[in-house]
Amino acid sequence: MTSTWVEPSNTATALLLLGRGTDPASEAGVDCPGDLPSPSDPDLVARAMAAKLALGDRVFVLGHHYQRDEVIQFADVTGDSFKLAREAAARPDAEFIVFCGVHFMAESADILTTDAQKVILPDLAAGCSMADMAVLSQVETAWDLFEDLGIAGDVVPVTYMNSSADIKGFVGRNKGVVCTSSNAKRALDWAFEQGSKVFFLPDQHLGRNTAVLEMGYSLDDCVLYDPHKPHGGLAPEQLRNAKMILWRGHCSVHGRFTLPVVEEVRERVPGVNVLVHPECRHEVVTAADYVGSTEYIIKTVEAAPAGSAWAIGTELNLVRRLANAHPDKQIMFLDRTVCYCSTMNRIDLPHLVWALEELVAGRTPNQITVDPDTSAYARSALDQMLALP
Ligand code: 13P
Ligand code: SF4
């Protein structure tokens, strides 16, 4: 079986081996500043329980669905990125929000919570390669080009939640909106009421899949802006004619699923339902039976009849958890090879224990803060998302 996937150009931020070295422009590779418990410490579960008990209502732990089971068991609430953003905003009394997810989620939580609250990411190396694919200076260069071409006034920027606070701030400054995989269509409906074109950041696949499969736009209505090429690799006419200007970013986890893999599972498991996340490539999503966010994937499997078969194209921790929770259904991972999100997996029980025990000791580890100016603009784009009908 051959894959046609070609890795796009390098990201602007350094890709360091996780846990080695530091890059001030990115979270990747940041060492834990503290005395991390050993992963083999048999008391880790008891220590996490004791620390949570000691902190009581002062702490609220959020867990994204892609987190490890060992971490998820300590989450006060689990969810996709949309649900977690709302949960963070709805907890003004919690002094500490411990975010078991990745950096852009913790930034969004900081933006949506009060100044008195502190958001903690147990391991600063839990970044997101997709978010790193769009940096502010690149996006500003693209916007300057739109201004030079006289189209900026027609363009509404929409950024996926999976982007840095800087990018959300840019979108808020330019009267756009944040979206997640749960509400991308609603966000695009809103955006196309404000202008005739959308500039969609940073996930080309979510943008294309939503526009083409849910809104009736054609593939020809979409152009791909490559930040590593002059003028994004696009001719002025292409930008003038486009409805969707897609940023050339992708998720390194969901980008792995291919059309041959879908065809292979259909042959191997007759009657199988293929259920994928919209971060997957267009041909994969087109070939699937069901498409939706992680929350949608969970609900679809819960509602499925006993005995049904499901090949699921999303992060492996979630697929494995679903398989364990539904032994009456045949649940399998869409790909044959392992596909964890390596940065989500950075949050493990030793880091969670360390972060909670630091809080008990009166110290605030790994606090995520967004500067007030960026925060104010990003907040307006996030509030616009939360206000979508
Ligand atoms: P959702 O949580 O919006 O489904 O996104 C999946 C993801 O990739 C999070 O990083
Ligand atoms: Fe980023 Fe993809 Fe991992 Fe989500 S699953 S954190 S989008 S790399």
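1. The shell around ligand 1 is made up of 5 nonpolar, 7 polar and 2 charged residues. In this classification Ala, Val, Leu, Ile, Met, Phe, Trp, Tyr, Cys and Pro are nonpolar, Asp, Glu, Lys and Arg are charged, and the others, including Gly, are polar. The model is a predicted one: local features need pLDDT of at least 70, side-chain atom pairs count only at pLDDT 80 or more, and totals for chains, interfaces and linings use all residues. Side-chain values use heavy atoms, without hydrogens and water, while residues are numbered from 1 along each chain as its sequence is written and ligands from 1 in the order in which they are written.

2. There are 14 residues around ligand 1, and those that come nearest are His64, Ser81, Ser181, His277 and Glu279. A residue counts as near if one of its heavy atoms lies within 4 Å of the molecule.

3. The distance to an N or O atom is 2.8 Å for the side chain of Ser81, 2.9 Å for that of His277 and 2.9 Å for that of Glu279. On its own, ligand 1 has 300 Å² of accessible area, and the protein covers 96% of this (Shrake-Rupley method, 1.4 Å probe).

4. An automatic or database assignment divides the chain into domain 1 (43–127 + 345–370), domain 2 (131–250) and domain 3 (253–340). The C-alpha centres of domains 1 and 2 are 31 Å apart. Their contact (heavy atoms within 4.5 Å) takes 9 residues from domain 1 and 10 residues from domain 2.

5. Between domain 1 and domain 2 about 760 Å² is buried, 63% of it from carbon and sulfur atoms; this is the accessible area (1.4 Å probe) lost by the two parts on being put together, summed over both. On the domain 1 side, Ser81, Phe82 and Phe104 lose the most area to domain 2, together 58% of what that side buries.

How values were computed:
A polar contact is a pair of N or O atoms within 3.5 Å; within protein, one must be able to donate a hydrogen and the other to accept it, and residues adjacent in sequence count only if both atoms are side-chain atoms.
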